[in-house]
Protein chains: 4
Amino acid sequence: MPDLDAIRRQLLAFRDERDWKQFHTLKNLIVSLNLESAELLELTQWKTDAQLDAAKGDPAFREALRDECADVLLYLLLVADDAGIDLLEAAQAKIAKNAARYPVEQAFGSAKKYTELKDTARKKARE
Amino acid sequence: MPDLDAIRRQLLAFRDERDWKQFHTLKNLIVSLNLESAELLELTQWKTDAQLDAAKGDPAFREALRDECADVLLYLLLVADDAGIDLLEAAQAKIAKNAARYPVEQAFGSAKKYTELKDTARKKARE
Amino acid sequence: MPDLDAIRRQLLAFRDERDWKQFHTLKNLIVSLNLESAELLELTQWKTDAQLDAAKGDPAFREALRDECADVLLYLLLVADDAGIDLLEAAQAKIAKNAARYPVEQAFGSAKKYTELKDTARKKARE
Amino acid sequence: MPDLDAIRRQLLAFRDERDWKQFHTLKNLIVSLNLESAELLELTQWKTDAQLDAAKGDPAFREALRDECADVLLYLLLVADDAGIDLLEAAQAKIAKNAARYPVEQAFGSAKKYTELKDTARKKARE
């Protein structure tokens, strides 16, 4: 299996063989990333959670999901490349930041945002 | 450096320590992926390409970019995990599919969609 | 109550008093429209349908919904103004187009897209 | 010409003739609004501002723009109807809120967000 960096290099070669870097401004790449995310969202349109669970077993639906997930990753790699960001490093740093924002004792079983969690924790401390 | 699979395992551990899987339906995860993509897009709002190029050198802007890219990747990993998709395999397969859709001789230096490229190629063949 | 055209004129006056037309390229306006749509979507994040139904009765949530809906409309008016589109005329024409795409006898009680509806209708006709 | 309320009534009649209200949860409607906004954004993909200005004169492009703008408005009307929001009232109130956030003397010719405008104003006051 290729690792993420191998995929990144394949993608840049694909781009450069077609002379497409000229179109890849940061804004254009981020717009395209948003369009691919929306295509992923479109696969869920009008479907209930139960219908989506069933659809996950359907080969055509799975292939559509796989293709759209891939498109999101490919544009994300291009954005990161353009901005000089190491995605794996960034992801690891973000998990650490989230762990600090969402301490297990406050966040366990809660879908609240960290800004609301703090308020709740502060209120409890005052009681 | 961690590889993508190590990040995925850290992320799932982070999620499970907080008992958050209950909120992570496929639709909710894809909605969240779209929200994070939009936050990345917001960083480009009202900025020209020249202003964005300058901003890439600004540490605060770079950190914001890095954080939003990380959030997109983290939700993409959760979507892929929920749907049983191997992201690296999917990305490699998609690059191959795109290579077939965009042959170098037709796509070189062109921003046209593959559906339009075919029309242009057909017209040229007729001439 | 103001009508849509009165709102449009108030909005253009607001823009011109601040000399903001210079930032309002078609792409920038459409990007901003997408960001406001995403803020509306964020209000539904992690909420079930039942929780959203309950939230509709909460004054703070209602105000947030109202504000984000307004933002979407305001950017849509700016996009339409920039492109020389009459929104009401466009909406009426689109309802007519949709009525042709989704004949009542085929579309009744179905969430299928019109492209799929046709396939289903064709299959039935063949039977 | 119809006014916005006439369009709203036509749209609700269109929906009810097809028995579609059952699919129109608030979340589904807002997701669909986001998908239509993304289709509008797709029309700008890879195009420069100069290319978009030229495209505005192309009948096929104009029709695509008009259709996507209409779709955004139609879903916005459904969202507003579901949430009991008067769109025109909401838009007028939001223009007033924005006028307070962006005083002409501070916001003239500036693309800064109101949160940044305040900081700039505060700094100037201190000087």
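In this predicted model, K113(D) forms a salt bridge with E42(B), with 3.2 Å separating the closest N and O atoms. This pair belongs to the interface of chain D and chain B, across which two salt bridges are found. On the side of chain D that touches chain B, three residues are nonpolar, one is polar and three are charged. Polar contacts between chain D and chain B number four residue pairs, with both residues at pLDDT 80 or more.

The extent of this interface can be described in two ways. Counted by residues, seven from chain D are in contact with seven from chain B. Counted by area, the two chains bury about 510 Å² between them, and 50% of that lies on carbon and sulfur atoms. Within the area that chain D buries against chain B, 49% is supplied by K27(D), W46(D) and A111(D), more than by any other three residues.

Attention now turns to the second largest pocket, whose volume is about 1,400 Å³. Its lining comprises 44 residues, of which E42(A), Q45(A), W46(A), Y102(C) and K113(C) are the closest to the centre. Elements giving two or more residues to this lining are helix 2 (26–42) and helix 4 (59–83) of chain A, helix 5 (87–101) and helix 7 (114–126) of chain C, and helix 1 (4–17), helix 2 (26–42) and helix 4 (59–83) of chain D. Helix 4 of chain D provides the largest share, seven residues. Sorted by class, the pocket lining holds 21 nonpolar, six polar and 17 charged residues.

Conventions. Residues are numbered from 1 along each chain as its sequence is written. Chains are lettered from A and ligands numbered from 1 in the order in which they are written. This is a predicted model: local features need pLDDT of at least 70, side-chain atom pairs count only at pLDDT 80 or more; totals for chains, interfaces and linings use all residues. Side-chain values use heavy atoms; hydrogens and water are left out. Contact means heavy atoms within 4.5 Å. Buried area is the accessible area (1.4 Å probe) that two parts lose on being put together, summed over both. A salt bridge is a side-chain nitrogen of Lys or Arg within 4 Å of a carboxyl oxygen of Asp or Glu. A polar contact is a pair of N or O atoms within 3.5 Å; within protein, one must be able to donate a hydrogen and the other to accept it, and residues adjacent in sequence count only if both atoms are side-chain atoms. Ala, Val, Leu, Ile, Met, Phe, Trp, Tyr, Cys and Pro count as nonpolar, Asp, Glu, Lys and Arg as charged, and the others, Gly among them, as polar. On a 1 Å grid over the protein atoms alone, a cavity is a set of points where a 1.4 Å probe fits but cannot get out, and a pocket is an open set with protein on both sides within 12 Å along at least five of seven lines; lining residues have an atom within 4 Å of a point. Grid points are joined across faces, edges and corners, and a volume is the space filled by probe spheres set on the points. Helices (H or I, at least four residues) and strands (E, at least two) are DSSP runs, numbered from the N terminus.
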